[in-house]
Amino acid sequence: MQKIEAIIRPEKLQTVKAALDDLHHGGMTLTEVRGHGVQRGITEQWRGRSFAVEYLTKVKIELVVNDADVDTVIDRIVEAARTGEVGDGKIFVSAITRAIRIRTGERDEAAL
Ligand SMILES: Nc1ncnc2c1ncn2[C@@H]1O[C@H](COP(=O)(O)OP(=O)(O)O)[C@@H](O)[C@H]1O
Ligand SMILES: [Mg+2]
């Protein structure tokens, strides 16, 4: 099992969710987050003036998936979330050692 954490543009959330619909039937966690990448809060243009935004609002999607599904999920997210502009976000993948569905006591892949 692996956890895929994708930090994406909030306006891409519905597109990303739709891209995962037929593939990922398990649960997912969404968090509104704020952060910056290498541009450190890019200077934005607003009404003809530019100003620095230190932390930009993003959405973090977390999903724990079977090992066999990891690469497909990543490909789908990249394709759906990408605009080609700075700030498209990032995906982190980490190993998950245990999962337990509290209601039933199911373990590991059966618990996803
Ligand atoms: N190294 C990192 N560790 C944790 N979060 C990160 C990291 N890099 C980026 N993020 C998160 O991803 C969001 C989007 O980053 P982005 O600007 O697309 O990355 P970059 O500028 O590095 O290409 C950031 O606002 C931040 O929340
Ligand atoms: Mg950036």
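Reply: A residue counts as buried under 20% relative accessible area, as exposed over 50%, and as partly exposed in between, using a 1.4 Å probe and the protein chains only. The model is predicted, and local features need pLDDT of at least 70, side-chain atom pairs pLDDT 80 or more, while totals for chains, interfaces and linings use all residues. Residues are numbered from 1 along each chain as its sequence is written, chains are lettered from A and ligands numbered from 1 in the order written, and side-chain values use heavy atoms, without hydrogens and water.

The residues around ligand 1 are I7, G35, H36, G37, V38, Q39, K58, G87, D88, G89, K90 and F92; each has a heavy atom within 4 Å of the ligand. By class, this shell holds 3 nonpolar, 6 polar and 3 charged residues. Here Ala, Val, Leu, Ile, Met, Phe, Trp, Tyr, Cys and Pro are nonpolar, Asp, Glu, Lys and Arg are charged, and the others, Gly among them, are polar.

Some of these residues place N or O atoms beside oxygen atoms of ligand 1. A backbone N or O atom of H36 is 3.2 Å from a ligand oxygen. For V38, a polar backbone atom lies 2.8 Å from an oxygen atom of ligand 1. Q39 uses its side chain instead, with a polar atom 2.8 Å from an oxygen atom of the ligand. On its own, ligand 1 has 550 Å² of accessible area, and the protein covers 69% of that (Shrake-Rupley method, 1.4 Å probe).

D88, listed in the shell, sits in the loop between α2 and β6; helices (H or I, at least four residues) and strands (E, at least two) are DSSP runs numbered from the N terminus. D88 is buried, at 16% relative accessible area. Its side chain makes a polar contact of 2.8 Å with that of R9 (N or O atoms within 3.5 Å; within protein, one able to donate a hydrogen and the other to accept it, and sequence neighbours counted only if both atoms are side-chain atoms). Leaving out residues up to four places away in sequence, D88 touches I7, I8, R9, A81, R82 and T83, where touching means heavy atoms within 4.5 Å.

K58, another residue of the shell, is also touched by T31, along with V59, K60 and E62, not counting residues up to four places away in sequence. T31 belongs to strand β2 (residues 29–35) and is partly exposed, at 32%.

Beyond four places in sequence, V73 touches I4, L20, L23, L63 and V65.

Two further residues complete the picture. Q14 in helix α1 is exposed, at 56%, and its C-alpha atom is 9.3 Å from that of A80, 66 residues away along the chain. D108, in the segment after β6 (90–95), is partly exposed, at 28%. Most residues other than glycine have a negative phi. D108 is not a glycine, yet its phi is positive, about 55°.
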